[in-house]
Amino acid sequence: MQAGYVLNSAQQTPISSEREQYLLMAYPRFADAAVLPIEIAVFEATEQMEETIIRWMHRIISNKEQFSIQIEQQIDDATGRLQVRIVDTTPFQQLAKQLNVVSQYISSYQCKEIYFSVRPYLRINQPCFAALFTITELVLMRKRYAQDDYRQVNVFGLKP
């Protein structure tokens, strides 16, 4: 089964020639279950900005405690299709607010501010069950060109 919480691709920033696209992801843990990556923010920046961005993100994220999220299934009334949603998105909203200073730094270099998805949706091929997941780390990834795969840049652990 392939699954993952993803940003709407129409909302992702196209990569310009001198910039790279970054993606901040959360990896929920649930016993021995497969990991479902949640894409929570996307932005563009130059490689020269990366060290400062990582330092600021580390300072902010390392002070944040691990948190749990609950997902549940529901039927979309309009389409009749099965959807999976995050019940309480408050932790993502708080993270977006805390990382706003990084977004301002990025925009000061004529890059678009960070696009935060505080209500990520689930892309999944099969039904899943309601479950409670713990977020223990956030991962920063980057790619140079649209057709490239993301590669890991840094892992930010949350406080236990």
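In this predicted model, the largest nonpolar core comprises 36 residues. Leu24, Phe43, Ile53, Met57 and Ile106 have the most contacts inside it. Another core, of six residues, lies apart from the largest one. Its members include Leu23, Met25, Val139 and Met141. In soluble globular proteins, nonpolar side chains tend to be buried together.

Met57 was examined for contacts beyond four places in sequence. Its partners are Leu24, Phe43, Ser62, Leu99, Val102, Leu140 and Phe156. Of these, Leu24 and Phe43 are also listed with Met57 among the residues with the most contacts inside the largest core.

Helix α2 has four buried residues: Pro91, Phe92, Leu95 and Ala96. Viewed down the axis of α2, these buried residues fall within an arc of 140 degrees, so they line one face of the helix.

Aromatic pairing was considered next. The count is four aromatic pairs. In one of them, the ring centres of Trp56 and Tyr105 are 5.2 Å apart. Trp56 belongs to helix α1 and Tyr105 to helix α3, and the two are 49 residues apart. The pair thus links distant parts of the chain. Trp56 is partly exposed, at 26% relative accessibility. Tyr105 is buried, because its relative accessible area of 14% is under the 20% limit. Ring pairs also join Trp56, Tyr105 and Tyr109 into a cluster.

A second pair involves Phe67 and Phe92. Their ring centres are 5.8 Å apart and their planes stand at 90 degrees, so this pair is edge-to-face. Phe67 lies in strand β4 and Phe92 in helix α2, so the pair ties together parts that are 25 residues apart in sequence. Both Phe67 and Phe92 are buried.

Glu50 is a charged residue of interest in helix α1. With 14% relative accessibility, Glu50 counts as buried. Beyond its neighbours within four places in sequence, Glu50 contacts Tyr22, Arg142 and Val153. The C-alpha atoms of Glu50 and Glu20 are 9.8 Å apart, with the two residues 30 apart in sequence.

How values were computed
Residues numbered from 1 in each chain as written. Predicted model: local features only at pLDDT ≥ 70, side-chain atom pairs only at ≥ 80, totals over all residues. Heavy atoms only, no water. Core = buried A, V, L, I, M, F, W, Y, C linked by side-chain atoms within 4.5 Å. Buried < 20%, exposed > 50% of the residue type's maximum accessible area, 1.4 Å probe, protein only. Contact = heavy atoms within 4.5 Å. Arc of directions from axis to C-beta. Phe/Tyr/Trp six-rings, centres within 6.5 Å; stacked < 30°, edge-to-face > 60°.
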